[in-house]
Amino acid sequence: MRKFYHHRNYQLQKYTASDFPQLWDLLTSSFPKEELFAKDVMADRLEDIQSETWLLKYQQDKLALALITRKIQDFYFFEYLAVSPALRGQGLGGAFMRHIRKALKKPILFESELPQNPVAKKRLKFHQSCGFRILDLPYEMPAVRPDSDPIPMHVLASMPPEITQEIGEAEIQNAIEDVYTEVYADVIDLPQNQELLNNPD
């Protein structure tokens with residue numbers, strides 16, 4: 001991936017297991033518990049060959065931003081994007097998202113909470129400002145813990161400029177099935193997720 005520049009000197013790095021403590025702290029400060037896999041499950045997932053996690057660091061080893069992605073067939077699924085609380089509001093997340101959209105050169109799918117509260121509205125607006133558009137289809141994020149339930153979400157998509165055709169409905173449904181069976185493979189057999197798998201549309 002090409003170098004990333006912002007108003008501060010950041011180092012763009014691939015995730016290694018030694019980064020997990022910092023990354024887990026960032027994730028738990030950025031997402032509600034019901035949207036996060038259990039700690040040990042998350043650690044294992046980040047080591048999966050299909051997982052690609054990018055970190056921005058500053059002042060030698062401080063974690064500024066993390067983006068956890070998963071490569072599925074011919075597209076990427078962005079699982080989690082988190083910016084350090086100390087660095088939010090400086091345009092870092094938006095600049096990095098625009099950068100990585102250009103660098104990956106593949107279609108990207110991304111989940112975002114329904115805009116039912118001020119924080120969710122802000123996140124959705126942020127994702128749209130980064131070039132993602134809301135797909136018009138019902139979608140629920142599978143439950144990632146035995147004590148949680150599926151969460152209604154928007155699915156957003158981004159197409160690189162060199163790919164000009166629209167994503168067809170059948171392609172979207174196939175992609176959603178791939179997300180359920182590959183991204184959520186660890187939890188898709190939970191009883192509360194079975195209906196999602198049987199009725200992805």
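The largest pocket of this predicted model is lined by 31 residues, among which Leu81, Val83, Arg123, Phe126 and His127 lie nearest its centre. A pocket is here an open set of points on a 1 Å grid over the protein atoms alone, where a 1.4 Å probe fits, with protein on both sides within 12 Å along at least five of seven lines, and lining residues have an atom within 4 Å of a point. Its volume is about 760 Å³, taken as the space filled by probe spheres set on the points, which are joined across faces, edges and corners.

At least two lining residues are supplied by each of β4, α3, β5 and α4 (118–129), and the largest share, seven residues, comes from β4; helices (H or I, at least four residues) and strands (E, at least two) are DSSP runs numbered from the N terminus. By class, the lining has 16 nonpolar, eight polar and seven charged residues, where Ala, Val, Leu, Ile, Met, Phe, Trp, Tyr, Cys and Pro count as nonpolar, Asp, Glu, Lys and Arg as charged, and the others, Gly among them, as polar.

Most residues other than glycine have a negative phi. Lys105, found in the loop between α3 (92–104) and β5 (108–113), has a positive phi of about 55° and is exposed, with a relative accessible area of 54%.

Residues are numbered from 1 along each chain as its sequence is written. Local features need pLDDT of at least 70 and side-chain atom pairs count only at pLDDT 80 or more, whereas totals for chains, interfaces and linings use all residues, and side-chain values use heavy atoms, with hydrogens and water left out.

Notes: Buried < 20%, exposed > 50% of the residue type's maximum accessible area, 1.4 Å probe, protein only.
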